[in-house]
Structures are given as structure tokens and as C-alpha cells.
Amino acid sequence: MQAYRASFGGNVRKLAILPIIGPSKPRATHLTRDFINRTTIKVAAYLDDQSGSRATFEFLVFDWFRLTGMTDEQWATVGHSFGLFDLARPLITQGLGVDLTPFTHFALVIDDPDARSAAWAPGKPYLHLSAIDMTPALFAHELGHMFGANHSRLDQPLGLNEYGDPFCIMGAEGGKWSFDDPSFSFRKEFGEPDWRFCVQCFALYFDGNPTQKGTCPGAAIAGTGHATESSAFNHVLRHGIPSGPEESGWRLCGKCFMLFFGSDAGQSRCPAGGGHDAGTGGRNYALPRDIPPGPEQSEWRKCQNCRSLFYSRDAERSRCPAGPAGSPTPHVTAASSFNYALPHDINDHNASGPGMIASTLLGCGWLNLGQHGVDLGPALRSRPGEIHVQLRRLRGAPPGDTPQPPNVAFADGLANERVLIEYRARDAEWDRAIPDSAPGEPGWVLVHLTSGSPPHVTSTLIARLSAKLSSTTFIPEAFLSLRVVDRDDAAGSITLRVRSETWPVFGAMTEKTTLAEASDVSPSVVSNGERIFLAWKGSNNLNLNLLVSGDNGVTYGGKHTSRETSEFSPTLAALFHTVFIAWTGEDSRLNIAEVEFSNPQPPQIIGLKRKVTLAEKSPFRPSLTSDLNGALYLAWTGEDNKLNIIISLDRGATWSGKFTFRETSDGGPAIFSHAGGRLFLAWKGSDNANLNVARVHQQLASEPPQTKIIAGLGKKATLPETSDYAPDLASQDDLLLMGWTGEGDEELNLAGPMGDTSGFGKRVYASESSEAGLALTTHNRKLLLSWRGSGNEHLNVASVARLNRVVDDFTTGPFDFDIGSVASARKFQQGSMLGAMRMVRVSNLSPAQTARVKLAIDQLNLVLGPKHIANLAVGYGLREDPLAPGLGINLHEGGADRIRVMISHVAGIGVYLYAHIFTPHRTHYSSAFVGAGPTEFRFADFAGQGAMAGVDFTNVTHILITFQVVGSWPGATVNSPSMTLDAIEIRGPAGA
């Protein structure tokens with residue numbers, strides 16, 4: 001057996017690689033035993049390198065075997081199922097005369113047109129591997145499972161992308177940054193390269209001779225050669241193989257260098273005169289014909305007149321040598337021609353890499369946290385905490401002694417799972433396809449959540465940060481901030497400042513309004529961005545009621561009492577500006593309708609329309625939410641007490657994709673879409689009062705396209721909090737918040753962040769109580785609470801005071817303007833921002849594209865043309881009159897120690913972010929390269945990487961924040977870079 005051996009606890013994996021073919025189908029590839037053997041040697045070298053020579057691995061590649069002892073019906077039934085090996089094993093043993101008992105694992109390399117990708121049989125030691133898709137990267141991925149590796153997942157708004165981490169071999173082949181290895185080419189092993197499309201005559205010609213280009217019938221000067229272009233495929237033609245799915249008999253004409261069908265030589269026409277001539281001893285080329293769409297280039301045809309191969313798209317522009325002299329004639333497709341599909345050297349079977357992430361190395365047992373890592377937990381669990389850590393670039397598991405600096409940093413107790421931090425960068429080996437993280441910056445800092453111990457350590461990529469100095473990010477899953485503070489490229493190391501933030505502190509309840517309306521159950525409240533809507537069931541009656549506020553909650557009016565009735569609370573949700581209501585009817589069936597209202601001030605509720613009644617029933621109130629992509633989600637507790645979700649993709653007209661969870665409740669749940677579409681579910685326990693919250697994972701179905709499917713719940717967090725009523729969820733400042741009425745005392749509670757963090761901040765509003773649940777929403781970045789009072793049943797609405805100072809939440813607007821190429825413009829606007837005036841300046845650096853700045857409700861948007869760059873600056877305290885006084889404010893008031901910039905969207909590689917604070921005699925600055933999310937500039941970081949700790953910001957005259965959206969550089973391109981800015985704030989150390 002071919003062996004890659006090392007000491008690994010004496011546990012030697014012995015792999016039999018068995019290439020097989022169905023009983024009668026022709027082969028789909030021409031892979032040889034030698035090629036598979038060399039592929040496996042390359043994979044074994046990869047695993048040896050990544051494991052630090054810990055991967056014990058022996059293998060033997062057997063010869064190809066056709067399963068003639070199996071019927072076509074059996075092959076059709078089990079050929080692509082995991083029952084195949086049980087039927088094939090005795091046939092292989094007998095047919096090849098081999099003993100398979102010494103082997104511990106088996107890989108079936110299946111050569112069949114319908115066999116694709118690869119997978120291990122669940123709980124079994126055998127692997128199905130498609131011969132068509134057999135790349136070193138795919139094989140290394142599958143053998144990673146043999147050593148205990150799990151898939152490397154990516155956190156996305158829909159949920160966990162099972163294969164989405166591009167930094168690991170355990171990601172999806174189409175998603176990870178694997179690279180092409182020119183020394184290991186599938187097509188060149190079985191064919192001849194350097195066949196090109198001629199841009200003059202549209203024929204296929206041999207371009208392998210640098211000094212001879214044959215004779216082209218479309219050349220401007222008669223008798224000269226063919227020409228191609230740099231973007232043309234380098235086609236690879238197979239030769240010397242028997243006829244099968246290909247058509248053999250194609251030849252190279254030694255006079256004109258065109259490919260022609262050899263049997264038609266007598267009827268052919270050559271541009272060099274006479275007919276085509278293959279000479280003697282020429283190769284017999286075979287062309288794939290009439291095959292399903294794939295990586296090959298189709299639409300190649302045989303010409304009826306000259307019998308050469310030409311590209312048939314835009315055939316009227318082609319040139320055939322069969323036309324009269326001086327009168328060009330296009331090629332004509334022969335009636336006997338097939339649709340030929342030519343292989344080319346793009347997407348070749350030679351992909352390798354990338355290396356493994358730390359979580360995967362841990363799962364395989366090749367990385368040891370005690371030996372190769374550093375524990376940040378003790379310094380960070382006592383919030384706030386801070387530590388500087390130097391990390392060596394991770395390039396597989398270290399082969400021997402404890403490395404200095406360490407390869408990975410980890411911390412427990414910051415999130416629901418362990419936090420792992422690693423540093424990766426492009427190199428000459430397995431990570432050479434990793435792109436730059438910023439212009440000229442090849443390094444990345446990766447943050448994963450992981451759980452368990454080897455084997456099968458899970459991983460989820462939750463943050464990736466440029467290794468560029470001053471880059472920063474905030475990780476809401478752990479309430480953690482990272483900043484790159486130093487680099488040592490010679491040593492291949494990076495130094496990070498890691499800070500655990502204090503849990504948020506919630507302000508006092510303010511602006512309380514007690515309405516004359518009453519209910520014997522909890523209300524529901526929602527904002528559509530312009531108005532606040534309140535819904536409830538009447539007191540001592542079952543009718544549903546609605547109110548609306550058009551003045552940001554100062555007054556509520558426009559009441560509507562519906563004929564619809566319910567024993568329970570209704571629920572509201574806003575889909576863009578449309579408001580929907582859902583309720584449980586008296587027959588226990590669930591109902592959804594659109595709320596119709598008038599726009600003039602004061603607004604008026606008109607009624608309900610487009611009501612839909614579902615077949616599903618509930619003994620409690622339902623919950624309704626929407627996401628940014630236009631989907632509505634309805635959650636409820638079934639009559640069996642199990643939690644359920646159903647989805648509408650057509651604004652509530654139809655509902656499908658019902659998913660029933662195993663979790664149960666004896667109350668109604670709360671569902672909420674947060675942070676770009678991340679879906680969360682909260683509920684009180686069944687037969688207990690404990691509150692729970694969990695992430696709802698989704699995925700997109702392939703049929704029909706873009707249909708969303710509920711895929712299950714993430715890790716459930718059971719809070720040390722209890723309630724007799726259902727909780728509610730809302731989002732503010734990128735925090736997922738939960739509100740509830742306390743068990744027994746009936747006091748109102750507010751807590752956050754919920755979700756993946758290991759803890760949260762909480763405030764109890766003991767002066768207020770309710771004998772029902774608490775309802776939450778946000779309106780113009782303000783958090784609103786609504787509840788039914790204890791004893792008096794009157795409805796109340798109040799807001800929670802913000803502890804931070806808002807520089808600008810961009811509610812003043814709207815405006816928009818376009819900036820021409822290589823130009824700049826600025827605009828001043830008065831309104832509700834710091835200093836009562838905002839300056840916006842745009843400098844468009846694009847040579848040929850327009851930049852557009854648009855201020856909508858709550859957001860400032862910058863949109864660029866393809867691959868271009870612009871600077872956006874927003875300033876406060878600046879005036880059109882340069883002699884006018886500035887702000888003159890103390891930024892330290894209330895214990896503030898940072899500026900926070902909220903960017904909710906980036907379409908591009910990233911954003912260069914610069915913060916300038918002006919005092920009477922000095923300008924202070926700080927910068928970072930960031931992506932979407934909150935970025936915090938602490939005052940101590942201004943003017944020189946922390947050297948100005950204690951800087952005097954008691955008299956600030958101006959604040960200027962500048963953004964440069966980056967769309968492309970070598971190795972990374974985004975067609976239309978853009979950015980959305982949500983808010984700029986001054987914050988205190990409590991994270992509020």
C-alpha cells in the first residue's frame with residue numbers, strides 16, 4: 001500500500017480506493033488508476049502537512065472494475081445510494097481476486113454521468129466520490145471527515161450556511177478559496193492543449209506553435225495565419241481513446257492548422273489550397289457531443305462545405321475557405337453535425353487548498369489548545385476586560401513543540417459556544433488563493449464559534465477582519481471588540497487588542513402615555529417607520545381594536561374597532577410601510593389581514609382587508625414579523641403545545657413551508673427578524689415559567705427558486721428569568737432585546753443582548769406592572785414599550801431613555817444629489833443632529849462614473865458605479881460661514897469614552913473609516929478599515945494608537961467622519977460598491 005505514516009496513537013487508517021463503472025453504461029471520464037493514485041498522493045501530502053505529520057494514512061488504489069455482476073435495474077436503484085457498497089463488495093472481491101478485510105475505510109470512485117460530488121455513508125466507513133468531480137480539494141475535504149473534521153459553516157442572515165466558510169478545506173468546493181495547480185491537470189493528462197478559437201474565421205485551430213499560425217480564410221491579408229484573443233479558452237482535445245460519448249476521427253490539418261473531420265477529407269476545402277490533409281501518424285481527436293450543459297463550451301459544429309469545426313454562434317460573421325476567391329462565405333452547419341462541447345483548462349480537475357481553520361484542526365485532534373493556544377477567558381469574562389494577544393499565522397497544525405507566539409486564541413463564557421480567533425494570510429502553499437482583505441493587505445483575522453471536543457468540533461465563522469493596522473470590528477455574538485494594533489511580517493505574527501464590553505445599561509422609562517382604552521390581555525405595538533400602531537382586544541368584549549400615532553407617540557387616535565374577534569391578544573408586524581395584523585379566532589384558527597389606514601394628518605385606521613384564515617389552530621396568541629427581503633413569518637403554539645412557524649412570500653396572500661419544532665410552550669411565542677434577517681424565537685416553557693430564546697435557521701430552496709425553508713433551531717438559551725406570560729422581542733442599536741412581565745411581582749423587565757451571548761444586561765421597571773405580557777417596538781431608533789396596567793386595565797405606551805448622545809440618526813432629510821466623475825460637492829442641512837446642522841461632502845474619485853448620495857428615513861446611502869471609489873464626509877459644528885462658532889461641547893459628559901459609527905450595509909470589499917475631532921488648538925484622529933456593523937473609536941485611541949489616553953475632549957468644536965468605500969483591487973472586485981450609514985453616536989463605557 002502507498003503510505004503516509006506517522007505516530008498517531010497507533011490508529012492507522014487503511015483506505016481502499018475502488019474505481020467502479022456501472023454494468024453497461026459508457027464511462028463519463030478517462031481517469032486512469034495512475035491518475036487517481038497521484039491525486040491521492042497529493043491529498044495525503046496535504047493532510048500530512050496540515051496535521052503537522054500527525055495524520056496516519058495508508059491507501060491502495062485498485063484497478064477499474066465494471067460491475068457486470070449487477071443488473072442495470074440494480075445499478076439504477078443503488079448506484080447512487082449508500083446501499084451500493086454492500087452489493088459491490090463481493091463482486092469486486094471476486095472479480096479482482098482481492099481481500100478487502102485489512103482495510104478500515106473505502107472510497108468508491110464512481111464513473112457515471114449522473115454521479116456528482118461526494119459523501120460518506122452515515123455511520124459507515126465508506127465514501128462515494130464522483131469521478132467527474134474528483135479534485136484534490138474535494139478528496140481532501142472528504143478525507144478530512146475520516147479524521148474527525150466537520151463542515152466549516154458560515155453565519156448568514158438566513159442561518160448557518162453548512163459549507164460557507166471560504167477559509168477551510170471543509171467548506172463547499174464552489175465557495176471556498178481553492179486554487180488551480182497547473183502542475184496537476186486532469187484535462188492535459190488526457191488531451192492536447194493549445195487549441196483556440198480564431199477571431200477571424202471562427203474555426204478551431206492549433207495554436208501550440210509560436211512561430212506558425214497556419215492559414216486563415218478570414219485573414220485580412222490572404223495566406224496569413226489565424227489569430228485569437230487573450231480571453232479565448234485554451235481548449236484541450238482528447239485523443240487516442242475509443243469512441244464512447246465522444247466522436248473520434250477528428251484530425252489536425254498540417255497545412256492550415258484547422259481541425260477537420262478526417263473521414264470527409266475528400267470533400268473538404270483548405271484555405272491553403274485543395275482539401276485538408278492530416279498527413280500520416282497524426283492524432284485521432286475525440287470531441288464530446290450532445291452532452292448536458294457543464295463546464296465545456298458547446299455550440300461547436302461541423303461545416304458542411306469545408307468539413308472543419310467552427311463556432312456556430314454569430315455564424316454569419318464566420319469565414320469559410322469553400323467560398324469563391326475574394327468573396328468571403330460564412331460556415332454552414334452540416335446536417336450530420338452534432339453539437340460539440342469542447343473541454344478547456346478553466347475549472348480543471350486540479351483544485352487544491354485552502355488550509356484548515358483552527359476548529360477543523362481541533363476536530364481532527366491535530367491542534368491542542370493547551371499547547372498551541374492562549375486562553376483569553378480569564379481576562380475577558382469579568383466585563384469590561386481587555387487583553388493584547390500576539391498570534392502566529394496559522395498554517396496547519398504546528399509539527400512539534402509549543403509555538404511562540406501561539407497559533408490560536410480562545411475564550412469560554414463570552415458566548416453560547418467557545419470563541420476561537422486565528423490569523424491567516426496568503427502564502428505560496430495551500431492558502432495561496434486567499435484574496436487580499438484590504439488593498440495590498442493579504443492577511444485576515446478570523447473569529448469562529450465552536451463547541452465540543454475532538455472528534456467532530458463544530459465551527460461557525462462569525463467575523464472576518466482585515467489584518468491591516470487599525471482595523472476593528474465588533475462581534476455581537478460575544479459582545480466583543482477586536483482591533484489590530486501591531487504587525488510583524490518577518491515573524492508572520494499579528495497583535496490584537498481584544499475587549500469584552502460591559503452588558504448594555506437601559507435608561508429610565510420616559511414619555512409615558514396612559515390611554516383611555518383598556519384591555520384584559522396584553523396589547524401589540526409596531527412602527528412602520530412613519531407611524532406607530534397599537535392593537536388590542538377590548539375589555540369585557542372580544543373585538544379587535546387599533547390606534548395610530550402620526551406624531552411619534554405624542555398622541556394616539558384614528559381608532560378602529562373591527563368586527564373581527566378573539567379571546568387573545570392580536571399581533572402586529574410592518575412589512576416595509578404596510579402593517580399586518582394576526583390573531584387567533586374564536587374557532588382557534590389563525591387569521592392574518594392587512595391594516596388599511598389613511599395618510600393625511602392625523603392618520604386614521606380605516607379597517608382590515610385581504611383577510612386570510614389558515615387551517616392551523618392555536619390555543620394562544622400568535623406572533624408575526626417580517627424580514628428585509630419581504631417575507632412574513634407567523635409563529636404560534638399548536639394545540640399539542642409544540643411551536644410552529646409558517647412563511648408568506650407574497651405579502652400574506654398565501655402561506656407555506658410550515659415547520660413544527662420539538663420545543664413546547666403553554667403560551668404564545670414571540671418571533672422577530674433581527675440584524676439583516678436573522679430570525680429569533682422566544683417562548684416560556686411548557687409546565688414551567690422559564691423564558692427561552694433560540695435562533696431559527698433557514699435556507700433557500702432550489703425549487704422553486706428563492707423559496708425560504710425553516711431548517712430548525714440553533715442552540716437554545718434558557719434564561720434565569722421567569723414569567724407567567726409570553727415574552728416579546730425587538731431590536732435597537734444592533735441589539736436583540738427581550739421584554740417580559742416578571743413572574744409573581746408582575747414588574748416590567750427589559751434585557752439584552754439576547755441570542756448567542758452568554759449573558760445580558762437587564763433593567764426592572766419596578767414602578768410599573770402588568771397582569772399580561774409586555775410589547776416592544778422601535779420607532780426612529782427609539783425603543784417603545786406597551787403594556788396593560790395592573791388593576792386598571794388601561795393601555796400604556798412609554799419609551800426608554802437613551803444613555804448615549806446621538807450625533808446624527810439621519811432622521812432629518814430627505815435629500816439626494818449626484819456627483820460627476822472626478823468632482824466634489826457639499827451640502828448643508830439643518831435639523832435634529834448635534835449642533836443643529838449637518839455638512840455632507842462627496843468627492844468622487846471615479847474617472848467615468850457618477851456617485852450618488854441619498855438620505856432616506858433613518859439612513860444615508862452612498863452608491864457608486866462599477867469598481868469605483870468615492871469619499872463621503874459628514875461633519876458637525878461646520879458652517880457655511882467659516883467664522884461661525886463651532887459646537888463647543890464636552891464629549892466626556894455622562895462618562896462617555898467613545899464615538900460609535902453604525903454602518904448597516906456594505907456592498908464592496910470594505911470601508912476606510914476616519915474619525916476627526918477638533919478642539920481649539922488641535923486635531924485628533926483615528927481610523928479603521930471596516931465592514932458592515934458597529935465601529936467604535938475610543939477617545940484613548942485618537943492621535944496615535946492610544947498614546948493620547950486621557951485626551952481632553954471637554955471643548956470640541958467640530959466632528960468630521962469620513963468614509964471611503966472600496967470596490968476593487970487586484971484579486972477582489974465588486975461591481976457596484978455602496979454603503980448605508982445609520983447613525984453616529986457618543987457612547988459611554990456601559991455599551992448603551
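This is a predicted model: local features need pLDDT of at least 70, side-chain atom pairs count only at pLDDT 80 or more; totals for chains, interfaces and linings use all residues.

User: How many cavities of 30 Å³ or more does a search of the whole structure find?

Analyst: Three. For the second largest cavity, the next thing to read is the lining, which has 14 residues. Those nearest its centre are T472, S481, L482, R497 and E936.

User: Which elements give two or more residues to that lining?

Analyst: Four strands do: β27 (472–475), β28 (480–488), β29 (493–500) and β65 (933–938). The biggest contributor is β65, with four residues.

User: And what's the make-up of that lining by class?

Analyst: Seven charged residues, four polar and three nonpolar.

User: How do I read a pocket, then?

Analyst: The general idea is that a cavity holds a probe that cannot get out, while a pocket is an open set of points. Here, the second largest pocket has a volume of about 870 Å³. Its lining counts 33 residues, and R116, I132, R187, P295 and E296 sit nearest the centre.

User: Which elements supply at least two residues each to the pocket lining, and how do the classes divide?

Analyst: Both β10 (179–180) and α5 (186–189) supply at least two residues each. As for classes, the pocket lining splits into 14 nonpolar, 13 charged and six polar residues.

User: Now helix packing. At what angle do α1 and α4 pack?

Analyst: Start with the angle and the distance between the axes. Helix α1 (residues 33–50) packs against helix α4 (residues 136–146) at about 55 degrees, and their axes are 9 Å apart. Angles of 65 to 115 degrees count as roughly perpendicular and those under 35 as roughly parallel, so α1 and α4 are oblique to each other. Their crossing is right-handed.

User: Which residues make the contact?

Analyst: From α1 it's T39, T40, K42, V43, Y46 and L47, and from α4 it's P136, F139, A140 and L143. By class, that contact has seven nonpolar residues, two polar and one charged.

User: Last topic: the backbone. Where should I look for cis peptide bonds?

Analyst: The bond from P454 to P455 is cis, with omega near -5 degrees. P455 belongs to the loop between β25 (443–451) and β26 (458–466). Another cis bond joins G752 and P753, where omega is about 0 degrees. P753 is in the loop between β50 (747–752) and β51 (761–769).

Key
Residues are numbered from 1 along each chain as its sequence is written. Side-chain values use heavy atoms; hydrogens and water are left out. On a 1 Å grid over the protein atoms alone, a cavity is a set of points where a 1.4 Å probe fits but cannot get out, and a pocket is an open set with protein on both sides within 12 Å along at least five of seven lines; lining residues have an atom within 4 Å of a point. Grid points are joined across faces, edges and corners, and a volume is the space filled by probe spheres set on the points. Ala, Val, Leu, Ile, Met, Phe, Trp, Tyr, Cys and Pro count as nonpolar, Asp, Glu, Lys and Arg as charged, and the others, Gly among them, as polar. Axes are lines fitted to C-alpha atoms, for helices over the stretch in contact, and angles run from 0 to 180 degrees between N-to-C directions. Angles under 35 degrees count as roughly parallel, over 145 as roughly antiparallel, 65 to 115 as roughly perpendicular and the rest as oblique. A crossing is left-handed if the near helix is turned anticlockwise from the far one by less than a right angle, and right-handed if clockwise. Contact means heavy atoms within 4.5 Å.
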